[in-house]
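User: I'm new to reading protein models. Can you walk me through this one?

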Amino acid sequence: MPPIISVANLSKTYASGFKALKNINLDINKGEIFALLGPNGAGKTTLISIICGIANISEGSVSVGGHDIRDDYRAARSLIGLVPQELHTDAFETVWATTSFSRGLFGKPKNPAHIEKVLKDLSLWDKKDSAIRTLSGGMKRRVMIAKALSHEPQILFLDEPTAGVDVELRKGMWEVVRALQASGVTIILTTHYIEEAEEMADRIGVINNGEIILVEEKAKLMQKLGKKRLTVYLQGKIDAVPDALAPYKLEICDGGRALIYDYDTKGERTGITSLLGDLRAAGIRFFDIDTSQSSLEDIFVSLVHAP
């Protein structure tokens, strides 16, 4: 099956000479949740703006559902729903009116049943006659999603969708995103909340300084780049790691009452057995050990700060 979005050799240079995107190549598959991660200024929003036809391409091409975003703009854009990072709504309009109006902007005939379903799915039905200015920040964010879904798009872009949203509402929005995916909608998510990508995404792309530095299935990424950490809890306190244990590159923590050992899960040998033996040989007694897997956040930080 061909990708629903295909970005080829895409670059974006502004009039000032700043190159925001550099030779981006990216395919997004139909029906997946794709998380695009990167620090501030990495190029996430610029890339989304170009795919959605808001910003112009300097070099390269973008196709959406087989339609070139420049040559067949209207057909390409009709497939896309966009929830921008900033809230843009008419504060004095009602939820029903602004959602229905957004549908009309795409030339779609009136469909009250669809608007009703969208508002109910987003827990906005009881607010349908409320002016947007009376809603909480989290509810306003949901209205933005309702507007983006009003014309029944096949693709939904969520640019920092839970920024400023409390934890309870954030989890509720994750449920909405899962339901949308189950209905066949392709979702592209940018987020500063790494746990959001870890929870939601099928695949993850990392962008830094305008370049895609990695695209990988989430599970494979964490298996490939993840490390495990062994924490050894000591019976007594130590001030320094004995020279004999230097090869293990141990880190003292918990005020000298624990040692941390990082090891590669891909290695033929973890070194744990020999470490524990060498600890005993060095006269260091311990009462417990614990292992933990590195998180997606650890991997992300290591990628964007790699030399």
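User: Which residues touch the most other members in the largest nonpolar core?
Analyst: Ile5, Leu10, Ile51, Val62, Val64 and Phe157 do, out of 29 residues in that core. A nonpolar core here is a set of buried Ala, Val, Leu, Ile, Met, Phe, Trp, Tyr and Cys residues joined through side-chain atoms within 4.5 Å. Buried means under 20% relative accessible area, exposed means over 50%, and partly exposed is in between (1.4 Å probe, protein chains only).

User: Which elements give two or more residues to this core?
Analyst: Strands β1 (5-13), β2 (19-28), β3 (33-37), β4 (59-64), β6 (80-83) and β7 (155-159), plus helix α1 (44-51). Helices (H or I, at least four residues) and strands (E, at least two) are DSSP runs, numbered from the N terminus.

User: What does Leu10 touch?
Analyst: Leu21, Lys22, Asn23, Ile24, Leu47, Ile50, Ile57, Glu59, Gly60 and Val62. That leaves out residues up to four places away in sequence. Contact means heavy atoms within 4.5 Å.

User: What lies apart from that core?
Analyst: Another core, of 28 residues. Leu122, Val177, Val185 and Leu189 are among them.

User: Why would nonpolar residues sit together?
Analyst: In soluble globular proteins, nonpolar side chains tend to be buried together.

User: Where do these numbers come from?
Analyst: This is a predicted model, so local features need pLDDT of at least 70 and side-chain atom pairs count only at pLDDT 80 or more, while totals for chains, interfaces and linings use all residues. Residues are numbered from 1 along each chain as its sequence is written, and side-chain values use heavy atoms, with hydrogens and water left out.

User: Now the overall picture. How many helices and strands does the protein have?
Analyst: There are 10 helices and 14 strands. The protein has 307 residues, and 44% of them are buried. Take the contacts with a separation of 6 or more: 67% of them join residues 24 or more positions apart.

User: Back to α1. Is Thr46 buried or exposed?
Analyst: Thr46 sits in helix α1. Its relative accessibility is 15%, so Thr46 counts as buried. Not counting residues up to four places away in sequence, Thr46 touches Lys12, Tyr14, Ala20 and Leu21.

User: Switching to helices. How is a packed pair described?
Analyst: Two packed helices are described by the angle between their axes and the distance between the axes.

User: What is the angle for α3 and α5?
Analyst: About 30°, with the axes 7 Å apart; α3 covers residues 95-105. Axes are lines fitted to C-alpha atoms, for helices over the stretch in contact, and angles run from 0 to 180 degrees between N-to-C directions.

User: Which residues meet there?
Analyst: Val95, Thr98, Thr99 and Ser102 in α3 meet Val143, Ala146 and Lys147 in α5. They divide into three nonpolar, three polar and one charged. Ala, Val, Leu, Ile, Met, Phe, Trp, Tyr, Cys and Pro count as nonpolar, Asp, Glu, Lys and Arg as charged, and the others, Gly among them, as polar.

User: What does Ile115 touch?
Analyst: Trp96, Thr99, Ser100, Arg103 and Ser150, not counting residues up to four places away in sequence. Ile115 lies in helix α4 (residues 112-121). It counts as buried, at 2% relative accessibility.

User: Where does Asp121 lie?
Analyst: Also in helix α4. Asp121 is partly exposed, with a relative accessible area of 44%. The C-alpha atoms of Asp121 and Ala146 are 9.1 Å apart, and the two residues are 25 residues apart along the chain.

User: Last one. Where is Ile252 found?
Analyst: In strand β12 (residues 251-253). Ile252 is partly exposed, at 30% relative accessible area. Its contacts include Ile238, Val241 and Leu259.
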